[in-house]
Amino acid sequence: MYRLTCDNGGLPQEYSLPIGYILRDLLGHAKTLKETKKYLIANSILIGQKRCLSLRHSVSFLETIRINKETYKIRIYKKNKSSIYPVVAGETLSPVLSKTRISPTQYQLNGLGGRNYLINSQLVKQIEIGSTVIKKENQDLIVVQLIEDSRVFVIAGKNMGKEMIYKGFSKNQYILSPILGLEELVRYNERDFFPITGKIISLK
């Protein structure tokens with residue numbers, strides 16, 4: 001079977017899958033490359049808010065995929081394994097990598113995948129590097145900050161693609177626990193995961 005690869009996107013390729021692979025191999029909407037291309041052209045397929053017309057279009061685990069009226073996200077695991085799951089509403093997750101001063105009253109949050117968000121200078125001190133900006137359709141932006149027992153999404157190491165629980169900080173590393181608690185605690189660095197639950201700050 002022809003192997004599809006990604007166009008260059010905003011994230012490293014280990015965090016992304018081509019839309020052609022998602023349509024053909026994960027969702028089963030086609031069996032061949034030719035059938036997949038026909039399906040792509042014949043249907044309304046949006047990555048985030050953009051219409052997708054290339055089989056090689058890169059889709060990251062941070063983005064929503066809309067196929068007609070259905071909305072999905074992907075999970076990416078180590079060794080090229082992956083899965084797809086439906087979501088109720090469009091949602092974008094952007095881990096905060098840095099903060100840039102734009103003016104005396106505005107700062108920019110620089111997110112993973114090239115997403116940037118403007119906030120006022122009064123809020124910027126409350127937002128820590130490693131927090132997650134969550135954008136849902138027709139709702140105000142919120143930031144989720146890491147606290148003990150936060151659920152986090154792991155993007156590196158043997159648990160890549162899994163949700164885990166943050167248990168604390170020790171010896172310059174973050175301690176994560178499997179959700180079911182059946183495995184040993186694992187140590188990670190700051191940029192190996194991002195929170196999806198925790199302390200919430202509204203960017204309204």
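Predicted model: local features only at pLDDT ≥ 70, side-chain atom pairs only at ≥ 80, totals over all residues.
1. The structure holds 4 aromatic pairs.

2. Which class does Tyr174 fall into, buried or exposed? With a relative accessibility of 17%, Tyr174 counts as buried. Tyr174 also pairs with Phe193, again edge-to-face, with 5.4 Å from centre to centre and 70 degrees between the planes. Since Tyr174 sits in strand E15 (residues 173–178) and Phe193 in strand E17 (residues 193–195), this pair ties together parts that are 19 residues apart in sequence. Phe193 is buried too, at a relative accessible area of 6%.

3. Now for the nonpolar interior. In soluble globular proteins, nonpolar side chains tend to be buried together. Here the largest nonpolar core has 27 residues, and those with the most contacts inside it are Ile19, Ile22, Ile45, Phe61, Ile65 and Ile74. Two or more residues each come from helix H1 (19–26), helix H2 (33–42), strand E2 (45–47), strand E5 and strand E6 (70–76). H1 gives the largest share, 3 residues. There is also a second, separate core of 11 residues, with Val96, Ile119, Val124 and Val133 among them.

4. Ile65 belongs to strand E5 (residues 65–67) and is one of the residues with the most contacts inside the largest core. The relative accessible area of Ile65 is 0%, so this residue counts as buried. Which residues does Ile65 touch, leaving aside its neighbours within four places in sequence? The contacts are Ile19, Ile22, Leu46, Ile47, Val59, Glu70, Thr71, Tyr72, Ile74 and Ile84. For Leu46, which is 19 residues away along the chain, the C-alpha to C-alpha separation from Ile65 is 5.8 Å.

5. Asn110 is placed in strand E9 (residues 106–111), and at a relative accessible area of 14% it is buried, because the cut-off is under 20%. What does the side chain of Asn110 meet? There is a polar contact of 2.9 Å with the side chain of Ser98, and another, of 2.8 Å, with the side chain of Thr100. Beyond the neighbours within four places in sequence, Asn110 is in contact with Pro95, Val96, Leu97, Ser98, Lys99, Thr100, Arg115 and Asn116. Val96 in that list is also a member of the second core.

6. Finally, some totals for the protein chain. The chain has 3 helices and 18 strands. Of its 204 residues, 43% count as buried. Among contacts between residues at least 6 apart in sequence, 47% join residues at least 24 apart. The accessible surface comes to about 11700 Å², and 49% of that belongs to carbon and sulfur atoms.

Definitions and conventions
Residues numbered from 1 in each chain as written. Heavy atoms only, no water. Helix = DSSP H or I, 4+ residues; strand = E, 2+ residues; numbered from the N terminus. Buried < 20%, exposed > 50% of the residue type's maximum accessible area, 1.4 Å probe, protein only. Contact = heavy atoms within 4.5 Å. Phe/Tyr/Trp six-rings, centres within 6.5 Å; stacked < 30°, edge-to-face > 60°. Areas by Shrake-Rupley, 256 points an atom, 1.4 Å probe, with all protein chains shown as cover. Core = buried A, V, L, I, M, F, W, Y, C linked by side-chain atoms within 4.5 Å. Polar contact = N/O pair within 3.5 Å; in protein donor to acceptor, adjacent residues only side chain to side chain.
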